[in-house]
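This report describes selected features of the structure shown below, moving from charged side-chain pairs to strands, a helix and a hairpin.

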Amino acid sequence: MAAPNPRSHQSNWHARCPARDPGRACCGDGWGIDVELIIVRHGETAWTLSGRHTGATDLPLTEHGRLEAAALRPLLGHVLAGREPVVYASPRERAAQTLALAMPGVRGNVEPLVAEYDYGTYEGLTHEQISTLRPGWNIWRDGCPAGESTGGVGARADAFLIGHAEHTPGPVVVVSHGHFSRILAARALGLAADHGRLLAAGTASVSVVKDFHGERCIALWNASADLLGAPVALGRSQAVPDAAPGH
């Protein structure tokens, strides 16, 4: 059976509040909650380094990944500016380690909704290996057999936004993964889930989607520790091409 077209998936959380101000969150029966979503992608693992799709496989950070995560402390401190956020993290070990190193002493809420894309039978494979099995494959359009579609991941992102982000008067930090982070940002912006393809996110990066003067905006995207002049040892590139797995 063909995977659902992600372009046809539109969020209930946007549709249910058609009269709200553009970009302004609707919180239950109330109005006017300004959303600030701080999205942290976890640090490097052995499979992100080798380009293998990593969904449910529970890998720890590499030593470099630990350095990346720890180096995020000043950047997150700058973004939060002394405010105490509500923190959610994927159940995967790589997300928990990133949270512990980037925000020491902060206790996050484990939230299965923000786990990575379920890659199904493509788990552990590189993009090149998948393309050999299925020429022309594109995760944003085709999804993963025995796993999720992009629209399905978008529905999880919507559930998180409705259940958590849209109800929190203050910053919400989400420690998650490459593909999910991109889809979460797209849905928070009111875009179809497959628009996440336009939002590359490197390992140990920080991105912010927030309400600003009545509009939902990208306030920061794919920022790494070197933004504040703190380059991570070994200096590996943070750039992620669109074809690379999300992890």
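## Salt bridges

The structure holds 8 salt bridges, a salt bridge being a side-chain nitrogen of Lys or Arg within 4 Å of a carboxyl oxygen of Asp or Glu. The model is a predicted one, in which local features need pLDDT of at least 70 and side-chain atom pairs count only at pLDDT 80 or more, while totals for chains, interfaces and linings use all residues. Residues are numbered from 1 along each chain as its sequence is written, and side-chain values use heavy atoms, with hydrogens and water left out.

One of these salt bridges joins the side chains of R83 and E36, with an N to O distance of 2.6 Å. This pair links distant parts of the chain, since R83 lies in the loop between α4 (73-80) and β4 (86-89), whereas E36 belongs to strand β3 (residues 36-41), 47 residues apart. Helices (H or I, at least four residues) and strands (E, at least two) are DSSP runs, numbered from the N terminus. R83 has 35% relative accessibility and counts as partly exposed, whereas E36 is buried, with a relative accessible area of 10%; buried means under 20% relative accessible area, exposed over 50%, and partly exposed in between, for a 1.4 Å probe and protein chains only.

## Further charged pairs

D142 and R134 form a salt bridge whose closest N and O atoms are 3.8 Å apart. Here D142 is buried, with a relative accessible area of 12%, and R134, at 34% relative accessibility, is partly exposed. R134 and D142 also belong, together with R141, to a network of salt bridges.

In the salt bridge between R197 and D194, the closest N and O atoms are 3.3 Å apart. R197 counts as partly exposed at 27% relative accessibility, while D194 is buried at 4%.

## The enclosed strand β6

Strand β6 (residues 171-176) is largely enclosed by the rest of the structure, because 6 of its 6 residues are buried. The cover extends to both faces of β6, with P171, V173 and V175 buried on one side and V172, V174 and S176 buried on the other.

Strands β3 and β6 run parallel and are joined by 6 bridges; two strands are taken to pair if DSSP finds at least two bridges between them. In this pairing E36 stands opposite P171 in β6, and E36 is also the salt-bridge partner of R83. Strand β4 likewise runs parallel to β6, with 4 bridges joining them, and V87 stands opposite V173 in β6.

## Helix α3 and its buried face

In helix α3 (residues 63-70), the buried residues are H64, G65, E68 and A69. Seen down the axis of α3, these residues fall within an arc of 140°, so they line one face of the helix; the arc is that of the directions from the helix axis to the C-beta atoms. The buried residues of α3 pack against α4 and α5 (93-102), where contact means heavy atoms within 4.5 Å.

## The β7 and β8 hairpin

Strand β7 (residues 206-212) pairs with strand β8 (residues 215-223) in the antiparallel sense, over 6 bridges. Within this pairing, K210 stands opposite C217 in β8. The hairpin of β7 and β8 has 2 residues between the strands, and H213 takes a positive phi near 50° in this hairpin.
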